[in-house]
Amino acid sequence: MSDEFTPTCRLPSGLVLPTALDPDGRAGPTRGRARGGRWVSVGSGHHRPADAPDVVEQRILDVAVRLGPAGAVTGWAALRLLGAAFFDGVGRTGAVLGVPLRSPDRQLRAGPQLVAIRGRAGNERTVVAGVRVVSPEQALLDHARAEPDDRELVVAIDMACAASLTSLRRITAFLATRPRAPGVRRLRWALRWAHEKSLSPGEPRLRLIWVLDAGRPLPLCNKPVFDLQGRVLAVPDLLDPDAGVTGEYNGSIHRRAAAARRDAERDAALRRHGLETMAAVGADVHDRDLVVQRIDGAYARALHLPPEQRTWTLTPPPGWTDEVSLDEALDHRDRLREEQWDD
């Protein structure tokens with residue numbers, strides 16, 4: 001598996017929706033066949049082929065067949081089926097998470113594999129891989145009831161937005177229609193710190209330390225920085241334009257030699273233009289004091305140049321339009337780095 005995180009994912013091939021027993025063996029296995037090694041019981045009288053893919057999406061389908069007609073998959077499981085890669089069904093401690101199902105059916109019982117949430121699934125339901133799924137906004141609201149860490153709830157919002165499932169405006173509008181629903185208060189708090197431009201879960205974790213622990217201004221996220229000739233210098237994860245400080249979350253891919261070389265060139269280019277940098281890796285965000293020291297150090301080294309003395313700008317060059325995507329900016333940046341190293 002690649003070390004590089006991508007916010008979106010596709011449904012794996014070979015997923016199977018479990019079926020009930022069928023005496024004729026057409027719509028499902030007969031009772032006798034179900035006892036053989038080719039079928040697996042998933043509970044509630046349903047079975048699926050034993051060779052179905054061993055992926056989180058199949059685990060969701062195995063549990064979702066217990067739903068009645070008014071229920072739907074919700075929480076992290078809904079966001080995963082809708083295409084957000086971050087929601088892999090594993091907590092930060094490594095524990096496997098139960099699949100959350102929203103249903104008014106009181107016969108739906110919680111268990112080790114299932115988290116039961118009482119209530120209707122709403123009219124925004126859609127069908128994915130043969131099962132009903134709530135809207136991304138409802139899924140995040142139900143996720144707010146289960147996620148124990150407030151900061152990880154911010155990460156969840158960022159990653160749902162990164163997968164283009166929703167937006168901060170849509171979430172805010174949705175919450176206005178459910179002012180007293182469980183989880184609303186926590187989700188509204190998380191919305192204060194969420195951002196739609198994060199590209200990996202490490203970025204909001206670093207951003208929250210930057211703001212909540214280091215007490216620094218809320219930074220810009222993945223904003224292209226240009227030199228005065230209009231060339232892309234960098235697209236830093238975090239940027240305080242007033243102080244001239246950037247922050248980078250470097251995932252495991254940055255340990256590779258080529259990536260580390262590009263990171264070094266990026267930092268050197270920024271410093272040549274009067275921008276100070278700091279970086280954190282995956283393990284660092286668990287040590288907030290350490291990250292705060294690095295942030296404070298970067299601010300102490302920063303030049304705090306007034307706009308008229310800067311050799312960098314956030315103003316795009318002529319011809320740069322709002323339709324130019326962040327991906328194109330990142331590609332432009334990486335091509336520039338390769339050209340610099342090839343020279």
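The legends below describe close-up views of a predicted model of one protein chain.

Residues are numbered from 1 along each chain as its sequence is written. In this predicted model, local features need pLDDT of at least 70 and side-chain atom pairs count only at pLDDT 80 or more, while totals for chains, interfaces and linings use all residues; side-chain values use heavy atoms, with hydrogens and water left out.

**View 1. The protein chain has eleven helices and 15 strands.**
Helices (H or I, at least four residues) and strands (E, at least two) are DSSP runs, numbered from the N terminus. The C-alpha atoms fill a box of roughly 80 × 50 × 40 Å, taken along the principal axes. Of the 343 residues, 48% are buried; buried means under 20% relative accessible area, exposed over 50%, and partly exposed in between (1.4 Å probe, protein chains only). Among contacts (heavy atoms within 4.5 Å) with a separation of 6 or more, 64% are between residues 24 or more positions apart.

**View 2. Strands E1, E3 and E2 form an open sheet in the order E1-E3-E2, with antiparallel pairing.**
Strand E1 (19-20) and strand E2 (39-43) stand at the edges with a single partner strand each, so one side of each is left without a neighbour in the sheet. Two strands count as paired if DSSP finds at least two bridges between them. E1 and strand E3 (residues 46-49) run antiparallel and are joined by two bridges. Thr19 stands opposite His47 in E3.

**View 3. The second largest pocket has a volume of about 240 Å³.**
Pockets and cavities are found on a 1 Å grid over the protein atoms alone: a cavity is a set of points where a 1.4 Å probe fits but cannot get out, and a pocket is an open set with protein on both sides within 12 Å along at least five of seven lines. Lining residues have an atom within 4 Å of a point. Grid points are joined across faces, edges and corners, and a volume is the space filled by probe spheres set on the points. The lining of this pocket has 15 residues, of which Arg48, Asp54, Val55, Arg59 and Asp62 lie nearest its centre. E2 and helix H2 (56-64) each supply at least two lining residues, and H2 gives the most, with five. By class, the lining has seven nonpolar, three polar and five charged residues. Ala, Val, Leu, Ile, Met, Phe, Trp, Tyr, Cys and Pro count as nonpolar, Asp, Glu, Lys and Arg as charged, and the others, Gly among them, as polar.

**View 4. Strand E5 (residues 99-103) is largely enclosed by the rest of the structure, because five of its five residues are buried.**
Both faces are covered, with Val99, Leu101 and Ser103 buried on one side and Pro100 and Arg102 on the other. Strand E4 (residues 72-73) pairs with E5 in the antiparallel sense over two bridges, and Val73 stands opposite Leu101. Strand E6 (residues 114-118) runs parallel to E5, joined by five bridges. In E6, Ala116 is opposite Leu101.

**View 5. The largest nonpolar core has 69 residues, and Val73, Ile157 and Leu187 have the most contacts inside it.**
A nonpolar core is a set of buried Ala, Val, Leu, Ile, Met, Phe, Trp, Tyr and Cys residues joined through side-chain atoms within 4.5 Å. Helix H5 (residues 150-162) gives the most to this core, with nine residues. Apart from neighbours within four places in sequence, the contacts of Val73 include Ile60, Leu81, Leu101 and Val133. A second, separate core of seven residues includes Val225, Leu233, Ala234 and Leu239.

**View 6. In helix H7 (residues 184-193), Val184, Leu187, Ala190, Leu191 and Trp193 are buried.**
These buried residues pack against helix H4 (136-146), H5, helix H6 (168-176) and helix H8 (202-213).

**View 7. Strands E11, E10 and E15 form an open sheet of three strands, in the order E11-E10-E15, with antiparallel pairing.**
Strand E11 (232-234) and strand E15 (312-313) are at the edges, each with a single partner strand, so one side of each has no neighbour in the sheet. Two bridges pair strand E10 (residues 225-227) with E15 in the antiparallel sense. Phe226 has Thr313 in E15 as its bridge partner.

**View 8. The largest cavity holds about 30 Å³ of space.**
One cavity of 30 Å³ or more is counted. Residues lining the largest cavity include Pro241, Asp242, His304, Arg310 and Trp312. By class, its lining has four nonpolar, three polar and two charged residues.
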